[in-house]
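Here is a quick tour of some local details in this model, for anyone who likes to look at backbones and rings up close. Keep the viewer open and follow along.

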Amino acid sequence: MGYLTRLETQNIMRLLRLSLLAAGLAFAAISASAANLDLKPGDHIALIGNGTPDRMQHHGWLEALLTARFAKQDLVFRNLGYSGDEVGGFLDSVPKDDKNSIKTSKAEAEAAAAQGGKLDKNLRNRSENFGSNDDWLKMVKADVIFAFFGFNESFAGDAGLAKFKGDLGTFLKETAGKNYSGKGAPRVVLFGPLAAEKSSDPNLPDPTASNANLQKYSAAMAEVAKAAGVPFVELFKLSQQAYADAAKKKQALTFDTVHLTEAGDQAFAPEIFRALTGESAPSGNHEKLRAAINEKNAEWHHRYRTVDGYNVYGGRSGLAFQAGVKPFKSNLREPEPPLLSNFQTMQDEMNQRDALTANRDKRVWAVAKGGDLKLDDSNLPKARLLPASNLTNDMPYLSGEETIKHITAAKGCKITLVADEVKFPELVSPVQMSFDPQGRLWIAAWPSYPEVAPTDKVKDKLLIFDLGADGKPVKCTTWLDGLNCPTGFQFHKDGVLVMQAPDLWFVHGADGKAGARERVVMGMDSADSHHTANSICYEPGGAVYLSDGVFHRTQVETAAGAVRNIDGGVYRYEPLSHRFERYVAYGFANPHGRVFDYWGNDFITDATGNANYFAPAFSGAIDFPAKHPKLQLFWKNPSRPCPATAILSSRHFPGEFQGNFLNFNVIGFQGIYRAKFSEDGAGIKGESIEDLLKGDNAAIPNFRPICGAVAPDGSFYFCDWAKPLIGHMQHHIRDPKRDKSHGRIYRMTFEGRPLLKPVKIAGESIEKLLEVLKTPEDDVRTRAKIELSKHDSAKVIAATKKWAASLNKSDKDYAHNLTEALWVHQWHNVVDEALLKQVLRSPDYRARAAATRVLCYWRDRVKDPLALLKPQATDENPRVRLEAIRACSFFQTSKAAEVALSALEKEANPDKPDYYIKYCLDETMKQLGKFQ
């Protein structure tokens with residue numbers, strides 16, 4: 001099933017009412033051993049564990065039912081759920097480093113160091129100084145704990161059952177000895193894992209194997225709970241029955257087989273209530289109460305999952321600043337005035353968030369009793385702020401037009417102002433831009449930078465600019481408001497994928513108003529808003545890439561198990577199948593730049609040092625927590641840092657501009673570097689050529705070119721972040737000179753050359769969109785595939801097969817056009833082994849290399865994939881061999897090692913192979929060394 005509309009959600013509710021009444025009797029028997037939950041006046045109920053409670057806080061169904069039933073008790077709920085959590089991360093008896101990281105043996109640590117990674121088997125992955133489970137339960141004064149475990153642990157299978165039971169028993173024993181509220185030991189209720197749902201959507205996995213494990217782990221939890229005399233709510237059997245009933249109506253209650261939609265959560269809430277209380281859920285309309293609860297939970301979520309935690313309680317919280325004094329001091333969390341630390345201000349803000357949440361508790365109680373309460377936030381404590389900036393020199397702003405006079409453009413290029421904050425006040429701190437299939441310009445605006453403060457009235461947003469014939473906006477629309485640090489977005493089907501840390505949202509309605517939203521990826525860390533998942537882009541085959549920077553501790557819960565990462569990394573996400581994996585595990589500081597060229601080669605740039613890498617070499621599989629070692633740069637950067645990169649693909653510009661690598665810089669050099677590509681054995685190297693543009697730092701010190709995109713007419717647009725202060729470390733997080741009112745968009749054209757006629761994409765037929773794939777411009781082809789994703793996949797694939805068969809083999813672009821047909825199949829998650837084999841044997845090595853990459857991701861769905869990789873590993877071209885070696889790293893058999901090693905047969909000197917071949921082969925052999 002795809003994402004559900006509001007009407008479909010309502011239909012599910014109607015269809016499930018009768019079936020859930022029947023399921024209630026069965027569920028009562030399932031949970032007969034559970035004692036009725038005894039809730040006392042003023043009880044504080046904390047939810048801990050995996051993605052199930054994590055998602056519950058955004059829906060509010062169970063909490064609404066419990067609050068309605070116990071309206072006089074004035075209950076306090078605080079959700080501490082966290083995608084990916086396992087019970088092993090909650091044990092006091094397991095020694096931990098920095099409170100959270102499980103210690104490992106010296107041998108394990110040395111092995112990890114040899115692979116360039118820091119060993120960390122953390123099952124409760126948190127950023128620095130986040131606080132232990134006990135810290136948070138004490139903070140929320142937990143009287144009752146709802147503990148959800150068993151899902152993430154189940155992926156260990158039979159081999160992990162005994163340890164899981166032992167860990168769970170230890171957790172219950174340890175918790176029984178705690179006193180978080182000051183009123184005695186907390187009462188614990190264990191919740192088992194949901195079953196995985198069998199979906200009619202062919203993109204989603206078969207849950208049979210997962211359910212076999214989940215059932216065993218659910219039974220193990222019931223056994224441990226019984227022995228400990230702890231109430232247990234078994235969700236497994238109930239969910240299986242509910243899924244079966246929904247399937248008969250051709251409906252689904254999950255979006256990825258394992259995580260409930262809001263409708264699914266609503267369906268289960270009454271039965272969980274019954275299991276907890278022994279009563280039927282209270283009748284009536286609880287929507288007003290649920291809305292009040294969700295408002296309260298949103299405030300708490302901002303507190304518990306705060307953005308920029310590294311400044312709140314991590315390493316940079318100890319930076320202290322003084323008005324008018326540029327150098328800062330370190331390791332001073334509580335300095336005396338006139339110094340003020342990030343910690344002091346941010347703890348004040350956390351106190352404000354606590355007060356905001358508590359104020360909304362009062363309204364929840366009032367609504368539960370049948371009344372209401374006007375919110376009054378006048379009791380918020382004040383946050384300590386610097387009286388003046390530590391920036392000692394004044395940095396005046398020039399207007400957008402005046403700024404252009406101080407920018408030197410490449411010969412023949414002309415820059416014009418498209419939009420600024422004067423005409424469009426909502427255009428503040430643009431951080432990412434992209435053109436949609438309609439040709440409209442979308443901007444992620446970040447006025448709250450570095451993050452939204454508790455008392456901020458203006459929030460971050462996604463803007464749409466409708467452009468006129470002159471390339472300038474005729475209208476600006478706020479499509480999505482109320483965001484906090486939207487560091488990236490990308491179009492998908494009828495909506496937009498939006499990064500709203502700690503989650504990636506899919507929001508419907510890109511063609512109109514923003515509509516229903518679903519959290520499709522949960523658990524992306526937000527320790528540093530500079531480093532939050534950004535620069536979201538598509539590969540030619542339809543997967544989306546996003547990244548983390550240093551300080552981050554990400555753990556994403558998926559149908560295939562939890563994906564964890566420590567510090568920097570790049571991730572690959574397939575929106576149709578919801579497959580999510582580490583793409584590049586490397587010691588990045590902040591991988592902001594990420595682009596794919598005409599043939600699907602990708603390049604990753606680490607922003608902080610502006611380190612630029614040829615990504616195929618170090619994007620092979622490697623198990624967490626290990627990371628790949630140092631890789632050489634494909635292009636030596638002239639300066640740093642780099643907030644974004646791009647490929648200039650537009651026939652509006654002369655031939656020497658085509659396919660140029662564009663590298664944005666914002667401090668020492670405030671402009672856009674330009675480099676040309678050339679072959680470098682198995683890799684690619686870059687050579688600096690004339691800058692695309694360069695600002696005069698002295699005249700326009702606030703000029704910060706931060707992102708760019710090629711427009712449908714072939715012109716090049718770029719955004720100016722327009723900031724005097726852009727660093728986290730150099731200035732207090734709430735420095736008064738952090739600008740919240742400026743932002744510009746510029747356009748570059750090449751004089752004397754006509755603009756391109758925009759290719760019509762939106763609303764076009766499948767057949768016409770396929771013809772668009774012959775267009776040389778990369779962005780145009782990507783927009784065509786985005787538009788194709790709105791069509792039924794079966795119809796798209798049928799038309800693509802016909803189109804591929806009709807291609808002219810004598811056309812100079814035949815190999816690329818056929819590769820595009822293969823990428824369309826990949827985009828729609830449909831395997832065509834015959835087409836794959838055809839492109840694998842293309843006379844063009846670039847097509848063969850691209851097809852080898854597709855084979856890597858289809859390896860579980862084609863017949864004998866290693867046999868297909870064998871000729872690729874011994875291909876005449878080193879690029880193809882590199883892709884084959886990389887693909888071998890994803891297998892779990894020694895036969896893959898044999899295939900990878902065969903690549904050396906084609907090296908002129910096997911003892912001294914090509915640099916990239918050797919690097920990737922060494923890494924692949926490390927990964928495969930554990931398999932027999």
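Where is the place of Pro338? Pro338 sits in the loop between strand 9 (325-329) and strand 10 (340-341). Keep in mind that this is a predicted model.

Against that, Pro337 and Pro338 are joined by a cis peptide bond, with omega at about 10°. A cis bond also links Phe624 to Pro625, where omega is about 10°. Pro625 belongs to the loop between strand 29 (611-614) and strand 30 (645-648).

Lys141 is not a glycine, yet its phi is positive, at about 55°. You'll find Lys141 in the loop between helix 5 (133-139) and strand 5 (144-148). Ala722, not a glycine either, has a positive phi of about 55°, and its loop runs between strand 35 (716-720) and strand 36 (744-750).

Is Ala722 buried or exposed? Ala722 has a relative accessibility of 1%, so it counts as buried. Lys141, on the other hand, is partly exposed, with a relative accessible area of 47%.

**Rings**

On to the aromatics: searching the whole structure turns up 57 aromatic pairs. One of them is Tyr310 with Phe551, which counts as stacked because the ring planes are at 10°, with the centres 3.7 Å apart. This pair links distant parts of the chain, 241 residues apart: Tyr310 is in helix 11 (residues 309-312), while Phe551 is in the loop between strand 22 (544-548) and strand 23 (553-558). Tyr310 is buried, with a relative accessible area of 13%, and Phe551 is buried at 16%.

Then there's Phe603 with Phe614, a tilted aromatic pair. Phe603 lies in strand 28 (residues 602-606) and Phe614 in strand 29, so the pair ties together parts eleven residues apart in sequence. Both Phe603 and Phe614 are buried.

Here are the two pairs side by side:

| Pair | Centre to centre | Angle between planes | Arrangement |
|---|---|---|---|
| Tyr310 and Phe551 | 3.7 Å | 10° | stacked |
| Phe603 and Phe614 | 5.8 Å | 50° | tilted |

Phe603 and Phe614 also belong to one aromatic cluster, together with Phe634, Trp635, Phe661, Phe669, Tyr673, Phe677, Tyr915, Tyr916 and Tyr919.

**A helix pair**

Tyr916 from that cluster turns up again in a helix contact. Two packed helices are described by the angle between their axes and the distance between the axes. For helix 21 (residues 878-888) and helix 23 (residues 915-928), the angle is about 15° and the axes are 8 Å apart. Angles under 35 degrees count as roughly parallel, and helix 21 and helix 23 are therefore roughly parallel to each other. Helix 21 makes a left-handed crossing as it passes helix 23.

Which residues in helix 21 meet helix 23? From helix 21 come Pro878, Arg881, Leu882, Ile885, Arg886 and Cys888, and across from them in helix 23 are Tyr916, Ile917, Cys920, Leu921, Thr924 and Leu928. By type, the residues of this contact split into nine nonpolar, one polar and two charged.

Notes:
Residues numbered from 1 in each chain as written. Predicted model: local features only at pLDDT ≥ 70, side-chain atom pairs only at ≥ 80, totals over all residues. Heavy atoms only, no water. Axes fitted to C-alpha atoms, helices over the stretch in contact; angles between N-to-C directions. Helix = DSSP H or I, 4+ residues; strand = E, 2+ residues; numbered from the N terminus. Parallel < 35°, antiparallel > 145°, perpendicular 65-115°, else oblique. Left-handed = near helix turned anticlockwise from the far one by under 90°. Contact = heavy atoms within 4.5 Å. Nonpolar A, V, L, I, M, F, W, Y, C, P; charged D, E, K, R; others polar. Buried < 20%, exposed > 50% of the residue type's maximum accessible area, 1.4 Å probe, protein only. Phe/Tyr/Trp six-rings, centres within 6.5 Å; stacked < 30°, edge-to-face > 60°.
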